Amino acid sequence: MARPSQAVDQALIASALALYPQCGCAGLSLRKVAEHAGTQPAMVHYHFGGKPAFLRTVLQQLYEQMFTALDGQGRAEGRPVERLRGALLALARFLREHRAVMGRLALDAAQGEPVVLEFLRANVPRHLGLLLALLRDAQTARELHPLPPLQAFTFLMGAVNAPTLMATGAQRLDLAPALLGPALAEQVLGEAALVQRVDLALSALAPAPGRPAPVPGVSA
């Protein structure tokens, strides 16, 4: 049974996520968060112990949602390349849904915000390691060409997720209506667009038709 205060906890976290893209770590005051959540600033201290601990909880809870989705795809039934495809789609959907938060997170990291840097150092290796393991499994199974893993990985990340980040930047700068209009949401951020990018990226790394991929570490 959930404790009675859990609704207040989650309301504060939801308010922080709503305000964070505009305010960033420096401008996200506990007063603003409490007002948005319809409670008192003292409740943040009561539940989380102060602003740094609160920010860490907000970011960690959001991250765990993403990692759980990736891990679930990694453990699913099917061929290695199918599990990798599922994980790439899960990550792409998460970035699309939370693109405003991710954009602000990158800005805060560039500005050296200690809470953000601590959070990234603790968590980024987790999902990168998971995705790289799935990629290596697909290469070992000869379902993908055995390029150096980091070369293949950075290609996949750029092909799948860079358009989402670019579209987000265009929207934040109000360039999208003038340049692309409603086509941006459909052709870059839409579900069909995400699936198409993942499939195109994986097909680009697939062995040539009629020619199996070489075994990693074995010369032709």
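**The largest pocket**

Start with the largest pocket of this predicted model, which holds about 560 Å³ of space. Its lining has 22 residues; select Leu-95, Met-102, Leu-105, Leu-120 and His-127, the ones closest to the pocket centre.

Next, colour the elements that give two or more residues to this lining: α4 (51-74), α5, α6 (99-110), α7 (114-140) and α8 (149-172). Which of the elements supplies the largest share of the lining? Helix α7 does, with 6 residues.

Now colour the lining of the largest pocket by residue class. The count is 18 nonpolar and 4 polar residues, with no charged residue.

**The whole chain**

Zoom out and switch to a cartoon view. The protein has 11 helices and 0 strands, so the order of elements from the N terminus reads α-α-α-α-α-α-α-α-α-α-α.

Of its 220 residues, 40% count as buried.

If your viewer draws contacts, limit them to pairs at least 6 apart in sequence. Within that set, 68% join residues at least 24 apart.

**The largest nonpolar core**

Hide the surface and select Phe-54, Leu-84, Leu-135, Leu-144 and Leu-156. These have the most contacts inside the largest nonpolar core, a set of 55 residues. Helix α5, residues 80-97, is the element that gives the most to this core, namely 10 residues.

Stay on Phe-54 and show its surroundings. Which residues does Phe-54 contact, once its neighbours within four places in sequence are set aside? They are Leu-12, Ile-13, Ala-16, Leu-30, Val-33, Val-44 and Phe-48.

**Arg-142**

For the last stop, go to the loop between α7 and α8 and select Arg-142. Check its backbone: phi of Arg-142 is near 65°, a positive value in a residue other than glycine. Most residues other than glycine have a negative phi.

Technical notes
Residues numbered from 1 in each chain as written. Predicted model: local features only at pLDDT ≥ 70, side-chain atom pairs only at ≥ 80, totals over all residues. Heavy atoms only, no water. Helix = DSSP H or I, 4+ residues; strand = E, 2+ residues; numbered from the N terminus. Buried < 20%, exposed > 50% of the residue type's maximum accessible area, 1.4 Å probe, protein only. Contact = heavy atoms within 4.5 Å. Core = buried A, V, L, I, M, F, W, Y, C linked by side-chain atoms within 4.5 Å. 1 Å grid on protein atoms, 1.4 Å probe; cavity = no way out; pocket = protein on both sides within 12 Å on 5 of 7 lines; lining within 4 Å. Points joined across faces, edges and corners; volume = space filled by probe spheres on them. Nonpolar A, V, L, I, M, F, W, Y, C, P; charged D, E, K, R; others polar.
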